[in-house]
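Biologist: I have a model open and would like to learn how to read its features. Could we start with the aromatic rings?

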Amino acid sequence: MSDAELVLRSTRVVTPEGTRAACVAVAGGTITAVLPHDADLPAGARLEDLGDDVLLPGLVDTHVHVNDPGRTEWEGFWTATRAAAAGGITTLVDMPLNSLPPTTTVDNLRVKQDVARDKAHIDVGFWGGALPDNVKDLRPLHDAGVFGFKAFLSPSGVDEFPHLTQDQLAVSLAEIAGFDGLLIVHAEDPHHLAAAPQHGGPKYTDFLASRPRDAEDTAIAALIAQAKRLNARVHVLHLSSSDALPLIAEARAEGVRITVETCPHYLTLTAEEVPDGASEFKCCPPIREAANQDLLWQALADGVIDCVVTDHSPSTADLKTDDFATAWGGISGLQLSLSAVWTEARRRGHGLEDVVRWMSGRTAALAGLGNKGAIEAGRDADFAVLAPEETFTVDPAALQHRNRVTAYAGRTLHGVVKSTWLRGERIVADGEFTAPKGRLLTRP
Ligand SMILES: [Zn+2]
């Protein structure tokens, strides 16, 4: 047996080759070997026998709004990373907006890194932001280690993060393509949004009509055209409209370098079940109909959608009013994402291997994190230990994020996270956390 300080043994270890009984050997925070279940332990190695609990690679969530500093009454690195750890997530990449300052210059990145440094219970990286007036900052941000750049094609919801017009998108994307960077895009077309009926008020059907599918479809088509012209790498954030799937599949078949994510709320909640006035369900683009959801699941199965990320975007409870037009748009799903997706995935006949591919392997690849996202020798010893058959009912009081508003309250979910491990150290078990051990990551 190879060198090991620690051996985790389980009858169900999810590896890239499938789920099997195995021992996972760890030394210096790294996986050194995946061995047979009955392998002899090396002298001095500590055994952690997990029985039949499943050992997964820690999840990598590339879409989280931590909002720290500046809107820390909404969320912060301490609370967000605890929620993530409790949910089996070991790496998150923070979005460049809703914090003050936004991550749009190297100086601002340094401010954010300084704030996060001692509060991170898991590993934390940063996306930069592409604004109309910061093209000169993109290259320096790339060199400083951001994982890519986020842009909006319609208003973002905060004044300090204006969206790009199509002409501005062309300029920013050309700059980013110049160093083969990645542009990640909130794709809703502002003209289609402006032309949609805007009734306001508490009715979910009115809100849904105000954010139509063709706003997404049009913006994605335009993004594909720009990516194709520039041979640029682009990523569609939080896809909700299934009508855009054929466009994306066709573009990829033509060689356009495009990837796509969707979110737990689009996969597990439906427009038909959102109560009027319940703005804890509000996000943009919106949660759509059950038939749309079926097609998103099909696209995950087919590989047209690459990955699943939370888009955890909380606010204080007072901003979640019963008027869908003015309530803050954002769903807080960090701690529940694995269980929520697993609950629906198993009902639809998918395995935990699929969930791991969507929420860990592919997201690590999106961020270029070659040392995350799989249980195999050479990768970081980041794990979630899951009891997939156990159920729990979501109690907002048990959540770790700052404002315990959740669209999942009262739901019964499958999959209890028993413990989470970062570089070979157990960082949370049964609601007990160690001191923060997360590191700040830069693009490898
Ligand atoms: Zn977001």
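Modeller: This is a predicted model. Two aromatic rings are described by how far apart their centres are and by the angle of their planes. Here the count comes to nine aromatic pairs.

Biologist: What are the distance and the angle for Phe152 and Phe161, and which kind of pair is it?

Modeller: The ring centres of Phe152 and Phe161 are 5.8 Å apart and the planes stand at 75°. Planes over 60 degrees apart count as edge-to-face, so Phe152 and Phe161 form an edge-to-face pair. Phe152 is buried, with 4% relative accessible area, and Phe161 is buried at 0%.

Biologist: How are the rings of Trp297 and Trp358 arranged?

Modeller: Trp297 and Trp358 also have a centre distance of 5.8 Å, with planes at 70°, so this pair is edge-to-face. Trp297 belongs to helix α10 (residues 290-302) and Trp358 to helix α12 (residues 352-367), so the contact ties together parts 61 residues apart in sequence. Both tryptophans are buried.

Biologist: Which residues are linked into a cluster by ring pairs?

Modeller: Tyr204, Phe207 and Phe324 are joined in that way.

Biologist: Where do the charged ends of arginines sit over rings?

Modeller: The charged end of Arg82 is over the ring of Phe433, 4.0 Å from the ring centre. Arg71 lies over the face of Trp74, at 5.2 Å from the centre of that ring.

Biologist: Next, the sheet. What is the strand order in the open sheet of three strands, and is the pairing parallel or antiparallel?

Modeller: Strands in a sheet pair through backbone hydrogen bonds, in parallel or antiparallel fashion. In this open sheet the order is β6-β7-β8 and the pairing is parallel. β6 (59-64) and β8 (123-126) are the edge strands, each pairing on one side only. On average, neighbouring strands are turned by 20° against each other, direction ignored.

Biologist: How many bridges join β7 to β8?

Modeller: Four bridges connect β7 (residues 89-94) with β8. Leu92 has Val124 in β8 as its bridge partner.

Biologist: Last, the metal. Which protein donors does the zinc ion have?

Modeller: The donors are His63 (NE2), His65 (NE2) and Asp311 (OD), at 2.0 to 2.1 Å from the zinc ion. Their spacing in sequence is H-x1-H-x245-D. His63 lies in strand β6, and Asp311 in the loop between β14 (307-308) and α11 (337-347), so the pair ties together parts that are 248 residues apart in sequence.

Biologist: Are His63 and Asp311 buried or exposed?

Modeller: Both are buried.

Methods. Residues are numbered from 1 along each chain as its sequence is written. This is a predicted model: local features need pLDDT of at least 70, side-chain atom pairs count only at pLDDT 80 or more; totals for chains, interfaces and linings use all residues. Side-chain values use heavy atoms; hydrogens and water are left out. Two strands pair if DSSP finds at least two bridges between them. Helices (H or I, at least four residues) and strands (E, at least two) are DSSP runs, numbered from the N terminus. Axes are lines fitted to C-alpha atoms, for helices over the stretch in contact, and angles run from 0 to 180 degrees between N-to-C directions. Donors are N, O and S atoms within 2.8 Å of the metal (3.2 Å for Na, K and Ca); water is not among the atoms, so sites may look incomplete. Buried means under 20% relative accessible area, exposed over 50%, partly exposed in between (1.4 Å probe, protein chains only). Rings of Phe, Tyr and Trp (its six-membered ring) pair if their centres lie within 6.5 Å; planes under 30 degrees apart count as stacked, over 60 as edge-to-face and the rest as tilted. A charge sits over a ring if NZ of Lys or CZ of Arg is within 6 Å of the ring centre and within 35 degrees of the ring normal.
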